[in-house]
Amino acid sequence: MFYPRWLVNLAKGPAVLRRKVASRGKAASPTARLFARSLAIRHLDAGSCNGCESELSLLGSPVYDLSRFGFSFTPSPRHADLLLITGVVTDAMVPLIRATYEAMPDPRLVVAAGACAIDGCVFRGAPGVVGNLQDIVPVDRWIPGCPPSPDDLLDGLLALVGRAAQPRGEAS
Amino acid sequence: MLLFAPLLKGIMDRAKARGMRRVGPPILQPYRNLYKWLHKEPIWNTETTAIRSIAPTVYFSAPLIVALLIPVLTTFPLPLAFMADMLGGGMILGAGGLLLLLAAADTGSPFTGIAVSRVRFIGTLAEPLTLTALFTAAAVGRATIPYAVNQAFGGPALFTPSHALLLVAWILLILAEAGRLPVDNPDSSQELSLIDPNRTFEASGPDLALFEWGGWMKFAVLGIILVNVLATPWGLAPSLAPAALGLAILATAAKLTVLGLLVVLVEWSFAKLRLLRIAEYLTVSVAIAALAALAIAIS
C-alpha cells in the first residue's frame, strides 16, 4: 500500500506539493488563523523508535522544505506555537509533556503524530504506557501512520491551520 | 529603517535557503512572525526580576536612537546628530545588548546562561576591534561624528589602503556582532551550540517580537554604518525634498540588500568555527583594523 505511493512520489514529486496550497488560512478558529502563515513547532519525543523522527527531519529537506509555508522548528517551548508529540507516551513522560505545554505561551496547539502517540499502537495496554494523550494535554489534531510520511505530516499541519491542500485534477 | 529591517532579514533568509536548494520562506515572513508574536501572551518564569520588563523596550529602541546619530538618509546631520559621536552610538547599542544579556541571565535557565557567557566572551574580544575600527575611521575624518567621516570618505580618502583594510575589518565585525556564520549559525536549532539565539530562549510573545525586531535593526544599523559611512558614501539626500529623500531611501535599501547578500554568500561558503577558534578570528580582525590605523599613520 505504501510502496506504490513512494514510486509515484519518486516520479512526480511529493503529493502535498503537487496540490495547490491555499495562501491564506480559511480556518474557523482564530488560533488556527493566527498561525496560518507563521507556525513554530516544538517537537517532543515521548519515547519513539525514531521512525517518526526520521520522517520529521525530512520536512526540512530541500524536497519538502516546510519553511516555504512559514513553518519552522524551534528548540524553545517559549517560542513554540505547536507542540508535536511522537512516540509511545509512558507514565514517566507525563509530567514532562505537561510541563512543556505549560511553558508554551497562549494561544497554542497540540498535534499527536504517529500511531504510537495516538493510542500506543502495539504497546497499548503494556505496563507504564498511558492510553490516551487527550487526558494529559488537549490534542488539536491526530496524524496517523507508522510512521506518517512527510506528506501526511505536512498535510495534517496545513489542514490544522486551515490551508488544507486541495486536490488538483484528481479525486480527493 | 523600522520597517525595512524585517524585509532585509526575509530577503537574506530566502537567499540562504535558495543556496541550499530549498525554496525558502517568503520574504515577508518576518512581518508575519512579528504579527503572530504580538498576538501571543508573554510568559516569564517566577524567578525573574524587574529587568525583564525594561530589557525588551531598551533593546528595541537602542538601534532606533543610534539611527538618529548616523547618516541613514541625509548628508547633513539631523538635529540630534551632535548628541553623541560614534563612541556614544556604540555605547547605546552596547547598553541594549547588556540589558538583553541581563534579562537572559535573570531567568536562570541553563541555556540562556550558556548564551550570556559565550556572547560576553565574543564581546570582550570584539571590543578592541570596534574601538580600533572606529578610531581609524575617526582619524580619517578628523572627527568622531559619523557625518564628518562620511564626507571624508566621499572625498580623497576613498581609495587608500587604510580604507580597504577598514572595510574588511568592519565586515568581520558585523559578522561577529550580528551572530552570523562563521561565528554563529542563526538558523541552527541545536540548543547547546547556539550563541546569539539562545539569549531569547525564555522570551515569548510581544517581548520576543521586540528582541527579534531589535536584533534585525541592530544588523541594519551596523550595515548602514558600513555602506553609508565607510564603503559607499554616496546616494544620500542633500536636502529634505521628498524626491531626494525617496532616492536616498532606494539607494540605502539597495546598498543594504547587497550587503545582506554578501553576508549570505559568506554563510554559504563557511562552516561554523569552534567556540575557541572565534578568538583567532577576532584576533585577525583586530590585526586588520590595526594595520588600517598604521596605514593612516604612515601616509
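Helix H5 of chain B, residues 110-141, has 32 residues and reaches 45 Å from its first C-alpha to its last. That span is close to the 46 Å expected at 1.5 Å a residue, the expected span being 1.5 Å times one less than the number of residues. Helices (H or I, at least four residues) and strands (E, at least two) are DSSP runs, numbered from the N terminus. The model is a predicted one, in which local features need pLDDT of at least 70 and side-chain atom pairs count only at pLDDT 80 or more, while totals for chains, interfaces and linings use all residues. Residues are numbered from 1 along each chain as its sequence is written, and chains are lettered from A and ligands numbered from 1 in the order in which they are written.

H5(B) bends by about 35° at Ala126(B), the bend being the angle between axes fitted to the seven residues ending there and the seven starting there. A proline, Pro128(B), follows within four residues. After H5(B) comes Arg142(B), with a positive phi near 60°.

Elsewhere in chain B, helix H2 (residues 29-38) and helix H8 (residues 205-231) pack at about 150°, their axes 7 Å apart. Axes are lines fitted to C-alpha atoms, for helices over the stretch in contact, and angles run from 0 to 180 degrees between N-to-C directions. H2(B) and H8(B) are therefore roughly antiparallel, a term for angles over 145 degrees. Among the residues making the contact are Leu34(B) and Trp37(B) of H2(B), and Trp213(B) and Trp216(B) of H8(B); residues are in contact if their C-beta atoms, placed from the backbone, lie within 7 Å.

Chain A holds an open sheet of five strands in the order E2-E1-E3-E4-E5, with parallel pairing; two strands pair if DSSP finds at least two bridges between them. The edge strands, E2 (71-73) and E5 (141-143) of chain A, each pair on one side only. From one strand to the next the twist averages 25°. Strands E3 (residues 82-86) and E4 (residues 109-113) of chain A pair over five bridges, and Leu83(A) stands opposite Val110(A) in E4(A). Helix H7 (residues 150-160) of chain A lies across E2, E4 and E5, running at about 165° to E5(A).

Pro107(A) is in the loop between helix H5 (94-103) and E4 of chain A, whereas Pro147(A) is in the loop between E5 and H7 of chain A.

Finally, the contact between the chains takes 18 residues from chain A and 25 residues from chain B.

Technical notes
Two residues are in contact if their C-beta atoms, placed from the backbone, lie within 7 Å. Angles under 35 degrees count as roughly parallel, over 145 as roughly antiparallel, 65 to 115 as roughly perpendicular and the rest as oblique.
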